[in-house]
Amino acid sequence: MEEHILPTEHKLKARIRTLTDGLATGLAVLSTLLVVAPLVAIFIYLVYKGASSLSWAFFTDVPKPVGEAGGGMANAIAGSAILLAVGSLIGIPVGISGGIFLAEFGRGTKLANAVRFTADVLNGVPSIVMGIAVYSLVVVPQGHFSAFSGGVALGIMMIPTVCRTTEEMLLMVPNAVREAALALGVPNWRSVLAITVRTASSGIITGCMLAFARVAGETAPLIFTAFGNVGWSSRLDEPIAALPLQIYVYALSPYDDWHRLAWAGALVLIVLIVLAVSLVRYVTSRGVLKGAS
Amino acid sequence: MGVGIEVINLNAWYGTNHTLQDINLNIPANHVTALIGPSGCGKSTFVRCLNRMHETNPIARVTGTVRIGDLDIYEDANPVEIRRRVGMVFQRPNPFPTMSIYDNVAAGLKLNGYSNRRALDEIVEKSLKNSALWDEVKDELKKKSGASLSGGQQQRLCIARALAVDPEVLLMDEPASALDPVSTSKIEDLIFQLKSQYTIVIVTHNMQQAARVAEKTGFFLNGRMVEFDLTHKIFTNPSDKRTEDYITGRFG
């Protein structure tokens, strides 16, 4: 092999460039680790504290009274699932519709600007305030706490995230794709729903998952709405247990075995959220063709 | 079968910019008509007025008459109907990225409520054969995404997609300008074959291309049509000094 003929000055510059490159790459890797570290740390700590209290009974039993050994959070796990289902049924359709309006039909209009502003403000409303609002809007007229009102609170909290990510993702769809659909003689509304939204679907799903995962761990909006329940309930018009609520109550209690159950509950909550998000990702990515994104 | 296009006093604006001024011409049925001219001369705007795509831009405006066959497209029909009869192929290939090859071709029909499976299969096959893509993709119709094809294949896919809705006119806005020479010559062969079934209007930057594919050629300059004549006359013996300057490479 012939050696490269470079004047010394060039060699030096090349070495500096290589060094800068290495430094920048190193910084990027370090930042990535800093981002991942807290999550991993939390997870490891949860496993350390909670795994030992996990048993089959944890997933099948309802809580036992103080002093009795055992008991589980089956009702809270089911309750969380019901609350999140109701919340998603409210938050996802409303949020996606709002996002479609912002990006496709109302672009540049006063109404769209007002909606966007409202969504941003809603996103900043503390969750406890959302709980109180739903308390006075749903719980007071109904006369009792209910799973339904808890779902409404979670649903409203999902709307702004879903709405704004849907808008952002739709705006990223190239105009050429819209034009292609229109030039085929497809009516605009149909082109939006079948082409533009479909093209942006993986991003929109990510937005929905983000909103879902965020409200799955919410406690505050449920205190005045779902209220919690020590026994089984799967009815929408009765108070219902939820994992975050149960963790909250157990963690604040003076009993050691309740503390341990709270740790286990936190671990289960995190694992279930990760499972739910992964499941949706898996199911939705199977149908969509490779090379789409 | 293709139909003729008659354009009378067509004017178009983008905001206050008067991009097309008093265009009059007759585009013959089942022929290829090329539109040439420097960038920004209005030739793209002109073809977008022929399928009412121009007005999808909120600041755009059009006056004048365009008759396609015996249909006055600005008087007798809505834009959606027009676009089903007047297909369009764009400068950059724009397949629907999340759809398979099959779904890309069937999109125009499916989205208009057409659902007869067997008929769709036939139309997809016929359209892909017409666009000379069938042999390259027939084994992976439903497996492969339209976006995974090469640029030249994507453009032929877009042509198949336009043909599937069975238009009478095919507008092509610089269909080969983003493609390599081999793909370009495939597209040109295709244009040559398609003119027996469709009236084709092609915008091009490439004068050799106009000379190769078109029977008639129009020369646009600064929003006006300077000259419209048989292609060989435009390239050998133009009537207007500006046309001669352009084709001999003195400007543009």
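Is Asn9(B) buried or exposed? Asn9(B) is exposed, with 11 other C-beta atoms within 10 Å (exposed means 12 or fewer such atoms, buried 20 or more, and partly exposed in between, with C-beta atoms placed from the backbone). This is a predicted model, in which local features need pLDDT of at least 70, side-chain atom pairs count only at pLDDT 80 or more, and totals for chains, interfaces and linings use all residues. Residues are numbered from 1 along each chain as its sequence is written, while chains are lettered from A and ligands numbered from 1 in the order in which they are written.

**Positive phi in chain B**
- Asn9(B) sits in strand S1 (residues 5-14) of chain B (strands are DSSP runs of E, at least two residues, and helices runs of H or I, at least four, numbered from the N terminus).
- Its phi is near 45°, a positive value in a residue other than glycine.
- Asp22(B), found in strand S2 (residues 17-27) of chain B, likewise has a positive phi near 45°.
- Asp22(B) is exposed, with 12 other C-beta atoms within 10 Å.

**Domains of chain A**
- Chain A is divided into domain 1 (78-241) and domain 2 (254-293), with bounds from an automatic or database domain assignment.
- The centres of the two domains, taken over C-alpha atoms, are separated by 19 Å.
- Six residues of domain 1 of chain A are in contact with seven of domain 2 of chain A (contact means C-beta atoms, placed from the backbone, within 7 Å).

Methods. Two residues are in contact if their C-beta atoms, placed from the backbone, lie within 7 Å.
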